[in-house]
Amino acid sequence: TTLDVRVQRMAEKHFLDSDLFRSKPLDEVPDFQGAFIAMDTSDGSVRAMIGGRDFELSKFNRAVQARRHPGSSFKPFVYAAAFKEGYSPSSTALDAPYSIWDKGAQRWWTPSNYGQRFSGGYVTLADALAKSLNVVAVKLGEAVTPERVIEMAQRLGINSPMSPNLSIALGAAEVTLIDMVAAYATF
């Protein structure tokens, strides 16, 4: 195993002793769980892993078995795919209200930024990523295609199955924590 006992003990102490978990005691809120992974970015080895608050209570390892929507943390894969296709951090995109026809649902889809706020002008991709602008991520995902976004995510370490649709740019695919940590380690 690549687990480091010192790092594992430290992770368990800080994880289980966090204010978040102390405010929701296990005996009162057993379903309130979490997961943690510490990975060595130089070689991808897992140094510490926590799959939940109490293994005796639940054998389900949330670090490797739970599939969750990563949300905006998935956007770097969209941008990485775009950079591979020739875009650069200084490339620009219009950050304004946008709608696209969803063939599967037979309706218009209108992604929006957090708080329904738009700059109303062109922004660099570097700024769009830094500000986590949803509309720019969707437009970029559309331009490079969801298939290319998935391909990039898989190259970087995501092994979870993903469907090629535009909402993937906003992290709609379900992935595991271990996949996300491994892929981020590449960055």
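Reader: Which residues line the second largest pocket?

Author: In this predicted model, the second largest pocket is lined by G34, A35, R62, A66, R68, H69, P70, V175, T176, L177 and M180.

Reader: What volume does that pocket have, and how does its lining divide by class?

Author: The second largest pocket holds about 170 Å³ of space, and its lining is made up of six nonpolar, three polar and two charged residues.

Reader: And the largest pocket, what is its volume and which residues line it?

Author: The largest pocket has a volume of about 200 Å³, and the residues around it are I100, W101, D102, K103, W109, P146, E147, P164, N165, L166 and S167. Six residues of that lining are nonpolar, two are polar and three are charged.

Reader: Which element gives the largest share of that lining?

Author: That is strand β4, which supplies three residues of the lining of the largest pocket. Both β4, covering residues 100–102, and helix α6 supply at least two residues each.

Reader: Let me step back to the whole chain for a moment. How many helices and strands are there, and in what pattern do they follow along the sequence?

Author: The chain has seven helices and six strands, and reading along the sequence gives the pattern α-α-β-β-α-β-β-β-β-α-α-α-α. As for its extent, the C-alpha trace spans about 50 × 40 × 30 Å along the principal axes of the chain.

Reader: Now the helices. At what angle do α3 and α6 pack?

Author: Helices α3 and α6 pack at an angle of about 105°, and their axes are 8 Å apart. With 65 to 115 degrees counted as roughly perpendicular, the two helices α3 and α6 are therefore roughly perpendicular to each other.

Reader: Which residues meet there?

Author: From α3 the residues are F77, V78, A80, A81 and K84, and they meet R148, V149, E151, M152, A153, R155 and L156 in α6. By class, this contact of α3 with α6 has eight nonpolar and four charged residues, with no polar ones.

Reader: Is the packing of α3 with α5 oblique or roughly perpendicular, and why?

Author: Helix α3, residues 75–84, and helix α5, residues 134–144, pack at an angle of about 45°, with 9 Å between their axes. Angles of 65 to 115 degrees count as roughly perpendicular and those under 35 degrees as roughly parallel, and α3 and α5 are therefore oblique to each other. The crossing in which α3 passes α5 is left-handed.

Reader: What are the residues on each side of that one?

Author: On the α3 side they are K75, V78, Y79, A81 and A82, and on the α5 side N134, V136, A137, L140, G141 and V144. The residues of this contact of α3 with α5 divide into eight nonpolar, two polar and one charged. V78 and A81 of α3 take part here, and V78 and A81 also meet α6.

Reader: Last topic, then. How many cavities of 30 Å³ or more does the structure hold, and what lines the largest cavity?

Author: The structure holds one cavity of 30 Å³ or more, and the volume of the largest cavity is about 40 Å³. Its lining consists of A81, K84, E85, R148, E151, M152 and R155.

Reader: Which helix gives the most to that lining?

Author: Helix α6, residues 146–156, gives the most to the lining of the largest cavity, with four residues, while α3 and α6 each supply at least two. By class, that lining has two nonpolar and five charged residues and no polar ones.

Notes: Residues are numbered from 1 along each chain as its sequence is written. This is a predicted model: local features need pLDDT of at least 70, side-chain atom pairs count only at pLDDT 80 or more; totals for chains, interfaces and linings use all residues. Side-chain values use heavy atoms; hydrogens and water are left out. Axes are lines fitted to C-alpha atoms, for helices over the stretch in contact, and angles run from 0 to 180 degrees between N-to-C directions. Angles under 35 degrees count as roughly parallel, over 145 as roughly antiparallel, 65 to 115 as roughly perpendicular and the rest as oblique. A crossing is left-handed if the near helix is turned anticlockwise from the far one by less than a right angle, and right-handed if clockwise. Contact means heavy atoms within 4.5 Å. Ala, Val, Leu, Ile, Met, Phe, Trp, Tyr, Cys and Pro count as nonpolar, Asp, Glu, Lys and Arg as charged, and the others, Gly among them, as polar. On a 1 Å grid over the protein atoms alone, a cavity is a set of points where a 1.4 Å probe fits but cannot get out, and a pocket is an open set with protein on both sides within 12 Å along at least five of seven lines; lining residues have an atom within 4 Å of a point. Grid points are joined across faces, edges and corners, and a volume is the space filled by probe spheres set on the points.
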